[in-house]
Amino acid sequence: MQKNMFEEAWNYSFEELKKEYKSQEKESEFIFNFNMNYVEDDGETITVSVASQFLQQMMIKKKSFEIILNKIKQVTNLESIKIKSVIKSDENSKDDNSKKSDSTEKSEKKEVKTEASENEKKSKTEESKTFKKHPLLQEDYRFETFIPGDNSNFAYNAALAVSKNPGKQYNPILLYGGSGLGKTHLMQAIGNYIYNNGGEKLKICYVSAESFTNEFIFSTKEGKTNAFKNKYRNLDVLLLDDIHFLQNKDATQEELFYTFNALNEKNAQMVFTCDRPIKEIKNMTSRLVSRLANGLCIDLQPPNYETRVAILLKKIELLHKELDFKIVEYIAKNVETNVRELEASLNKVIGYMDLVGKIPTLEEVKVLLKDLLVSNISEKISLDTIQKVIADNYQISVSELKGKKREKKFVIPRQIAIYIARELTEISYSEIGEEFGGKDHSTIMHAYEKIAEQIKIDPSLESKVQAFVREIKEYKK
């Protein structure tokens with residue numbers, strides 16, 4: 001049978017899939033899920049290569065091989081075609097049977113291996129040589145090391161757009177959200193990208209709001225305010241982290257206001273981060289809030305399960321480690337709050353591996369992460385907290401919120417509380433119904449779906465619900 005007869009069909013199908021994902025603004029997802037290359041075919045089976053076993057396992061789980069195979073079948077009108085994958089470093093190995101994976105079968109392998117080929121190691125070495133480190137930015141905070149998901153796609157793409165066209169598109173940009181969700185990573189990725197793409201002569205400054213404040217206070221005491229102003233008002237790129245720190249600091253806010261105006265006049269790119277929407281920061285001057293709110297403000301949410309798995313796998317790959325895939329799934333399922341805690345759990349497992357000299361079993365990992373995961377579970381939201389916060393905000397009692405009164409002032413907060421309970425907890429509709437006066441499953445489901453639909457068409461309701469969610473997460477009994 002003729003060899004390589006499907007190469008053209010492969011190339012066409014691959015490009016068509018790429019266009020489909022791009023049209024859905026999921027280009028980064030395509031790059032990750034279809035990071036494979038055509039090798040050969042024997043007229044019946046197409047062989048493709050992937051960079052590492054961890055990617056192979058991920059693509060099997062995501063059904064990437066099946067998706068592209070179905071596309072090829074549509075193009076060729078042939079149902080008998082098969083596809084198998086090999087690890088890139090073993091493409092030319094005679095004994096590659098153990099490395100192959102048929103996309104139509106369940107994988108028997110449960111290890112995530114991240115051994116790079118010589119070519120990959122060489123390219124990474126060359127990349128590290130060509131990368132220019134900025135003195136104020138962390139080298140590992142780059143777009144290449146950020147895994148975007150549904151929670152952060154908008155922020156990722158906006159940050160990338162800003163990097164490619166600084167000062168001219170989306171200026172200023174404000175990234176907000178809870179701790180450990182990637183705000184600082186994206187902010188510094190913008191700086192690293194600009195610096196490494198023709199911006200070596202630009203004045204790029206990354207500074208935390210706390211350091212900015214302390215520097216301003218010092219300059220005032222030492223009579224060096226002109227030097228402070230010259231430093232910040234002549235920048236080309238200002239990356240100011242954690243501006244919520246400026247609450248109640250009127251003098252620093254005023255200085256930032258004038259710095260903002262000076263940089264805005266010269267089209268300098270400004271990027272800010274905050275732990276909540278700027279309008280929710282108390283004791284912030286209205287004119288500064290107005291300036292910041294007029295830019296592009298983007299919310300980062302906690303990553304979903306698939307994104308958490310992808311983040312862990314990417315981290316393992318970068319560290320050139322190998323780990324049982326069940327361990328990756330266990331961590332991703334049990335650490336839901338933020339990326340920082342996710343990586344802390346993985347680092348503890350890898351630290352164990354380095355010190356003990358062996359890959360732990362899943363049972364050993366459960367014991368190893370017991371304290372971390374217990375802490376994580378203890379911070380999970382309770383239904384009592386949700387009811388208390390919503391009742392307080394609507395100035396009604398918890399018993400009225402849970403009761404049967406049908407007046408609008410009770411029904412709306414009740415439906416919102418039910419919606420948030422479903423979003424933030426793993427409690428079933430029936431269990432929520434019991435905690436809301438013994439309401440049945442269908443009533444609770446209706447309340448949830450009603451708020452979910454209204455959020456889609458009412459941005460003000462969405463903003464209000466997100467504000468309640470932040471208050472609930474920060475609530476202290």
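## Helix α17 and its packing

The buried residues of α17 pack against α18 (398–402), α19, α20 and α22. In this predicted model, the buried residues of α17 are Leu 383, Thr 385, Ile 386, Gln 387, Val 389, Ile 390 and Ala 391. Just after the helix, Gln 395 takes a positive phi of about 55°.

Ile 386 shows this packing residue by residue. Leaving aside neighbours within four places in sequence, Ile 386 is in contact with Ile 381, Ala 417, Ile 420, Ala 421, Thr 425 and Ile 472.

## Where α19 meets α21

How do two of these helices cross? The axes of α19 and α21 come within 8 Å and cross at roughly 90°. That makes α19 roughly perpendicular to α21.

On the α19 side, the residues that meet α21 are Gln 415, Ile 416, Ile 418, Tyr 419, Arg 422 and Glu 423. Their partners in α21 are Ile 444, Ala 447, Tyr 448, Lys 450, Ile 451, Ala 452 and Ile 455.

## Aromatic pairs

The model has 15 aromatic pairs. In one of them, the rings of Trp 10 and Phe 14 have their centres 5.9 Å apart and their planes at 25°, so the pair is stacked, the cut-off being under 30 degrees. Both residues lie in helix α1 (residues 7–23). They are four residues apart, about one turn of the helix. Trp 10 and Phe 14 are both buried.

Phe 260 and Phe 272 form another stacked pair, 6.3 Å centre to centre, with 20° between the planes. This pair links distant parts of the chain. Phe 260 sits in helix α10 (residues 250–265), and Phe 272 sits in strand β9 (residues 269–274), 12 residues apart. Both Phe 260 and Phe 272 are buried. Elsewhere, ring pairs link Phe 143, Phe 146, Tyr 156 and Tyr 193 into a cluster.

## Charges over rings

Two Phe rings have a charged side chain over the face. Lys 249 lies over the face of Phe 245, at 4.2 Å from the ring centre. Arg 287 lies over the face of Phe 257, at 4.1 Å from the ring centre.

## Ile 298 in strand β10

Is Ile 298 buried or exposed? Ile 298 has a relative accessible area of 2%, so it is buried, the cut-off being under 20%. Its place is in strand β10 (residues 296–300).

What surrounds Ile 298? Leaving aside neighbours within four places in sequence, Ile 298 is in contact with Phe 154, Ala 155, Ala 158, Ile 173, Leu 174, Leu 175 and Tyr 176. Ser 152 is 146 residues from Ile 298 in sequence, yet the two are 9.0 Å apart in space, C-alpha to C-alpha.

Technical notes. Residues are numbered from 1 along each chain as its sequence is written. This is a predicted model: local features need pLDDT of at least 70, side-chain atom pairs count only at pLDDT 80 or more; totals for chains, interfaces and linings use all residues. Side-chain values use heavy atoms; hydrogens and water are left out. Rings of Phe, Tyr and Trp (its six-membered ring) pair if their centres lie within 6.5 Å; planes under 30 degrees apart count as stacked, over 60 as edge-to-face and the rest as tilted. Helices (H or I, at least four residues) and strands (E, at least two) are DSSP runs, numbered from the N terminus. Buried means under 20% relative accessible area, exposed over 50%, partly exposed in between (1.4 Å probe, protein chains only). A charge sits over a ring if NZ of Lys or CZ of Arg is within 6 Å of the ring centre and within 35 degrees of the ring normal. Contact means heavy atoms within 4.5 Å. Axes are lines fitted to C-alpha atoms, for helices over the stretch in contact, and angles run from 0 to 180 degrees between N-to-C directions. Angles under 35 degrees count as roughly parallel, over 145 as roughly antiparallel, 65 to 115 as roughly perpendicular and the rest as oblique.
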